[in-house]
Amino acid sequence: MAQHPLIETFRAARIVPVVRTSTAARAATAVEWLKGAGITIFEITLTIPDALSVIRDVASDPALLVGVGTVPDAAAAEASIKAGAKFVVSPWVEPALVAPSRAANACVMMGAFTPTEVRAARAAGADVVKIFPASSAGGPAHIKALKSVFPDVTFCPTGGVDARNAGDYIAAGAAFVGIGGKLVDEGAIAANNRAAVEAAAREALGILQA
């Protein structure tokens, strides 16, 4: 399978914030603040109320790359792509996402935990295999073990990844990492603590770019 062209963009950025908030307004705030700290890639999860409106808003900025997360089926993928999503992410193996994504040249990331699931994700057509939840699976050591068996697979560990351990995941063989609550801190957003969110973003970017 040919490598999707967006993979090099992800690999260069080395970090994909996973935006999962209780309201669309807080998601929009998270994107605005993280953008201010220098982040330009965002995964907007469909668990956010009115997530498609957030995707449309982010996609309207040509400097940003937006994707959609927690995608359950083909219809949700199609709607998200229509709203502007350029990559489609599911935390499990969902073959139905491939056809609409391929039709729009969107990158497909499917979740896996075990070698059997990694193989299933690749067989289904995943461009990237998202190891989730990474910290529960054994952290960087698990990524290193999987990479030894699947040297050609592009891995993105997510779940329990933060600025302190992101570099370890990259060193273990991850192409890039997804960071959720450690970066998109809804408590800080609710408290209007922009400085805390931007500081977390700069810390993650600084470690990953070192």
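A: Two strands are said to pair if DSSP finds at least two bridges between them, and strands (E, at least two residues) and helices (H or I, at least four residues) are themselves DSSP runs, numbered from the N terminus. Strand E1, residues 15-19, and E8 pair in the parallel sense over 3 bridges, and within this pair Pro-17 stands opposite Ile-179 in E8. This is a predicted model, in which local features need pLDDT of at least 70 and side-chain atom pairs count only at pLDDT 80 or more, while totals for chains, interfaces and linings use all residues. Residues are numbered from 1 along each chain as its sequence is written, and side-chain values use heavy atoms, with hydrogens and water left out.

Q: What makes E7 and E8 the edge strands of the sheet?
A: The open sheet has 8 strands in the order E7-E6-E5-E4-E3-E2-E1-E8, with parallel pairing. Strand E7 (155-157) and strand E8 (177-179) each pair on one side only, and they are therefore its edge strands. Neighbouring strands of this sheet are turned by 25° against each other on average, direction ignored; axes here are lines fitted to C-alpha atoms, for helices over the stretch in contact, and angles run from 0 to 180 degrees between N-to-C directions.

Q: Why is E3 called largely enclosed by the rest of the structure?
A: Buried means under 20% relative accessible area, exposed means over 50%, and partly exposed lies in between (1.4 Å probe, protein chains only). Because 5 of the 5 residues of E3 are buried, this strand is described as largely enclosed. In a regular strand the side chains alternate between the two faces of the sheet. Both faces of E3 are covered, with Leu-65, Gly-67 and Gly-69 buried on one side and Val-66 and Val-68 buried on the other. E2 and E3 pair in the parallel sense over 5 bridges, and Thr-45 stands opposite Gly-69 in E3.

Q: How do you know which residues of helix H3 meet helix H4?
A: Contact means heavy atoms within 4.5 Å, and by that rule Leu-52, Ile-55, Arg-56 and Ala-59 in H3 meet Ala-79, Ser-80 and Ala-83 in H4. The residues of this contact divide into 5 nonpolar, 1 polar and 1 charged, where Ala, Val, Leu, Ile, Met, Phe, Trp, Tyr, Cys and Pro count as nonpolar, Asp, Glu, Lys and Arg as charged, and the others, Gly among them, as polar. H3 and helix H4 (residues 74-83) pack at an angle of about 35°, with their axes 8 Å apart. Helix H3 (residues 51-59) also lies across strand E2 (41-45) and strand E3 (65-69), running at about 165° to E2.

Q: Why is Ser-90 called buried, and what does Ser-90 touch?
A: Ser-90 has a relative accessible area of 0%, which is under 20%, so this residue is buried. Ser-90 lies in strand E4, residues 87-90, and, leaving aside its neighbours within four places in sequence, is in contact with Val-71, Leu-97, Met-109, Met-110, Gly-111 and Lys-130.

Q: Why is Ala-96 called partly exposed?
A: The relative accessible area of Ala-96 is 33%, a value between 20% and 50%, so the residue counts as partly exposed. Ala-96 is found in the loop between E4 and helix H5 (98-103).

Q: What makes Thr-70 stand out in its phi angle?
A: Most residues other than glycine have a negative phi, and most peptide bonds are trans. Thr-70 has a positive phi of about 55° although it is not a glycine, and this residue lies in the loop between E3 and H4. Its relative accessibility of 17% is under 20%, so Thr-70 counts as buried. Asn-105 also has a positive phi, of about 60°, and is not a glycine. A cis peptide bond joins Phe-132 and Pro-133, with omega about -10°.
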